[in-house]
Amino acid sequence: MTIGIGLLGLGTVGAGVAAILSAPAGRHPLVDQLRLQRVAVRDLSRPRPLELDPALLTTDPEAVVQDPAVDIVVEVMGGLEPARSLILSAIAAGKSVVTANKAVIARHGQEIAAAAAARGVYVLIEAAVGGGIPIIEPLKQSLGANRIQRVSGIINGTTNYILTRMADEGALYGTVLADAQALGYAEADPAADVEGGDAADKIAILAGLAYGGGVERSAIPTEGISGLQARDVSYADQLGFRVKLLAVAQSEGTDPDGTEQLDVRVHPTLVPKDHPLAGVNGVNNAILVEGDPVGRVMFYGPGAGAGPTASAVVADILNIAGIRQVGGPSAGLDPLLAAGSWRRCRLVDPAVTRHRNYLRLQTTDQAGVIGRIGSCFGQEEVSIQSIVQFQASGGEAEIVVITHEVQEARFRAALTAIAALPDVKAVAACLRTL
Ligand code: NAP
Ligand code: HSE
């Protein structure tokens, strides 16, 4: 029995999927039963890396969705629309969907999941987070016995590639970003990568799976790496840290009505060099899942690019193909694979969350400055782990402070008082520290 695949998009990921389907030898035997039936692209004249029958290509994605020879729709075109409408249209036509589109799932995942459940089809999203790393299915299935305390990690390949090359080679931000685009790692609009939005989409998805309920994507505090200065990467290195763009979702307890309270955020973070995430370099991603009773599990591997992402897409296609082989979901959907919501979640007020911080101040180079800064912290009961003066010249100094863990509101109050000191010329950088 062959299974017809309709591909929406033949860019980095779509071409990777087509390459796997066209070379089944040595892979799972089910791959040989998958047939690429139609492929939607935007521009028919664009040269393609693969030799495909031109008759398969169309600029009408709805025609792919509605083609009777297409059993499974694979959405790898990106963007919110028409991707969302096409996914819903495929579901309405009774077709299961595989998508790598985290932007759509983070914003419209609940609507899509409800439509899929009502129609009795699957929407699988392994490729949406972590590229080639299996993390969606492990969270849905293999770790289902756990109470999840924290999911954290590096989940954007482009920014990790940029940060690694900045730290290791002193490479310029703009040059390395262009390389990441050429390698197919970056989003169509790379602002999604460097401003942290892509990582926020992904952590929203992981939080939804880990805690069993959707979180408001637009409310996730998000900071990217576009404002990060090479000087802070260098100071961090001298102090024993690597700077990484981390995404975190952690449980902060439950409301009396059972609603899970979550601290979910994305920001550049100083990671101690002996921490497992500090050694995750280049396009690699890593996700730490901490749960009871499993303890801490780490998932590591290539987080972007054609091959790794296509590996995850085809794994989802195979999951659906396998179910079709044993008669389809006529007896109802597997609740673990379909992964519906089972409780309410809400984001906590960021002001009450607790973190360690890195702060760089430009100050006058005079006796007593460090003491006055210390007093501002002391008044807000912010405990300082270290305070170091770098590069004193021309009557100015750079002072770098690392705090112990402190409530965000108290740290911000101390910072306001510090910024108002006559000795302080600028609060030049403020980052989180693990
Ligand atoms: P891409 O290289 O820009 O490819 C997009 C493809 O979709 C192109 O073939 C484009 O056609 C086609 N397309 C776009 N809009 C269309 C429309 N309205 N009608 C018909 N075709 C349309 O993007 P990508 O990097 O493969 O990413 C695709 C999706 O996978 C995105 O959601 C992305 O976030 C996700 N993803 C990407 C990676 C990665 O490493 N790149 C990893 C994980 C997930 P043309 O070729 O004619 O322009
Ligand atoms: N642009 C994304 C990244 C692709 O760099 O991680 C993988 O989701």
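This is a predicted model: local features need pLDDT of at least 70, side-chain atom pairs count only at pLDDT 80 or more; totals for chains, interfaces and linings use all residues.
## Ligand 2 and its shell

A polar side-chain atom of Lys-102 is placed 2.5 Å from an oxygen atom of ligand 2. A polar backbone atom of Gly-157 lies 2.7 Å from an oxygen atom of the ligand, and a backbone N or O atom of Tyr-185 is 2.7 Å from a nitrogen atom of ligand 2. Of the 250 Å² of accessible area that ligand 2 has on its own, the protein covers 94%.

The residues surrounding ligand 2 are Lys-102, Asn-156, Gly-157, Thr-158, Tyr-185, Ala-186, Glu-187, Asp-193, Asp-198, Lys-202, Gly-303 and Ala-304. Classified by type, this shell holds five charged, four polar and three nonpolar residues. Helices α6 and α9 (197–211) each contribute at least two residues to the shell.

## Ligand 1 and its shell

Lys-102 also contacts the other ligand: a polar atom of the Lys-102 side chain lies 3.1 Å from an oxygen atom of ligand 1. A side-chain N or O atom of Arg-46 is 2.6 Å from an oxygen atom of ligand 1, while a polar backbone atom of Leu-10 lies 2.8 Å from an oxygen atom of ligand 1. The protein covers 88% of the 900 Å² of accessible area that ligand 1 has on its own.

Ligand 1 is surrounded by 25 residues, the closest being Asp-43, Arg-46, Arg-48, Glu-187 and Gly-305. By class, the shell of ligand 1 comprises eleven nonpolar, eight polar and six charged residues.

## Helix α6

Helix α6 spans residues 157–169, 13 residues in total. From its first C-alpha to its last, α6 reaches 18 Å, close to the 18 Å expected at 1.5 Å a residue. Just after the helix, Gly-170 adopts a positive phi of about 65 degrees.

Ten of the 13 residues of α6 are buried, and the helix is mostly covered. The buried residues are Gly-157, Thr-158, Thr-159, Asn-160, Tyr-161, Ile-162, Leu-163, Thr-164, Arg-165 and Met-166. They pack against the helices α7 (173–182), α8 (191–194) and α10 (230–238), and against the strands β7 (147–154), β8 (241–254) and β10 (284–292).

## Helix α9

Helix α9 has 15 residues and reaches 21 Å between its first and last C-alpha, close to the 21 Å expected at 1.5 Å a residue. As to burial, 15 of its 15 residues are buried. Gly-212 follows α9 and has a positive phi, near 80 degrees.

## His-355 in strand β13

His-355 belongs to strand β13, which covers residues 354–364. With a relative accessible area of 5%, His-355 is under the 20% cut-off and therefore counts as buried. The His-355 side chain makes a polar contact of 2.8 Å with the side chain of Thr-353.

Leaving aside residues up to four places away in sequence, His-355 touches Asp-263, Arg-265, Thr-403, His-404, Glu-405, Val-406, Glu-408 and Arg-432.

How values were computed: Residues are numbered from 1 along each chain as its sequence is written. Chains are lettered from A and ligands numbered from 1 in the order in which they are written. Side-chain values use heavy atoms; hydrogens and water are left out. Helices (H or I, at least four residues) and strands (E, at least two) are DSSP runs, numbered from the N terminus. The expected span of a helix is 1.5 Å times one less than its number of residues. Buried means under 20% relative accessible area, exposed over 50%, partly exposed in between (1.4 Å probe, protein chains only). Contact means heavy atoms within 4.5 Å. A residue is near a molecule or strand if one of its heavy atoms lies within 4 Å of it. A polar contact is a pair of N or O atoms within 3.5 Å; within protein, one must be able to donate a hydrogen and the other to accept it, and residues adjacent in sequence count only if both atoms are side-chain atoms. Accessible areas come from the Shrake-Rupley method with a 1.4 Å probe; for residues, only the protein chains shown count as cover. Ala, Val, Leu, Ile, Met, Phe, Trp, Tyr, Cys and Pro count as nonpolar, Asp, Glu, Lys and Arg as charged, and the others, Gly among them, as polar.
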